[in-house]
Amino acid sequence: MNNIFNHMHAVEILNRTDRLAPSSQPQWGTMSVAQMLAHCSSFQDIAMGNSFPPRGWLGLFIGPFVKSVLTNDKPLARNMSTIPTIMIVDEREFEQEREILKQKIITFQFNGPEKCTTHPHPFFGRLTSEQWGKGIFKHLDHHLNQFGV
């Protein structure tokens with residue numbers, strides 16, 4: 001399983017991010033490419049311990065039992081629900097959002113597992129740094145696939 005803490009895997013994600021364009025269209029979902037970048041950036045903030053969305057009641061009950069969705073080799077389902085606080089609905093500027101996300105990916109990868117948050121994921125609950133690393137890669141891969149890169 002790919003892990004964003006692996007330098008080669010992080011470079012792959014950064015290169016794919018560079019292949020996006022303001023005109024990139026989603027193969028599913030309703031977010032624009034700039035909104036998707038901002039969404040992924042917001043997810044990075046959670047993993048980096050910069051944002052602490054509240055735990056939802058559904059996640060409290062079933063999150064720990066379905067945690068493998070985030071860390072197994074199966075692709076994430078299209079149009080699956082997301083954390084409400086990182087749903088991006090306002091318009092965003094593409095180049096700015098892409099650069100913000102890239103810098104967060106670089107920082108997260110550089111800081112390594114030791115600096116990963118210990119705060120629980122809003123749905124899945126407590127994750128190890130290894131699970132965060134796999135989950136971040138999988139989440140980014142999912143959204144880059146959404147936009148065909």
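This passage describes the fold, surface and confidence of a predicted protein model.

The model is predicted, so local features need pLDDT of at least 70 and side-chain atom pairs count only at pLDDT 80 or more, while totals for chains, interfaces and linings use all residues. Residues are numbered from 1 along each chain as its sequence is written, and side-chain values use heavy atoms, without hydrogens or water.

The protein chain holds 6 helices and 0 strands. Helices (H or I, at least four residues) and strands (E, at least two) are DSSP runs, numbered from the N terminus. The order along the sequence is α-α-α-α-α-α. The radius of gyration is 14 Å, close to the 15 Å that the globule rule gives for 149 residues, so the chain is as compact as a globular protein of that length. This radius is taken over C-alpha atoms, and the rule is 2.2 Å times the number of residues to the power 0.38. The C-alpha trace spans about 40 × 30 × 30 Å along its principal axes.

Of the 149 residues, 48% are buried (under 20% relative accessible area, 1.4 Å probe, protein chains only).

Confidence is given as pLDDT, the predictor's score for each residue from 0 to 100. The chain averages 95, and 100% of the residues score at least 70. Helix α1 (residues 7-18) has the highest mean, 98. Helix α3 (residues 57-62) has the lowest, 89.

Conventions:
Buried means under 20% relative accessible area, exposed over 50%, partly exposed in between (1.4 Å probe, protein chains only).
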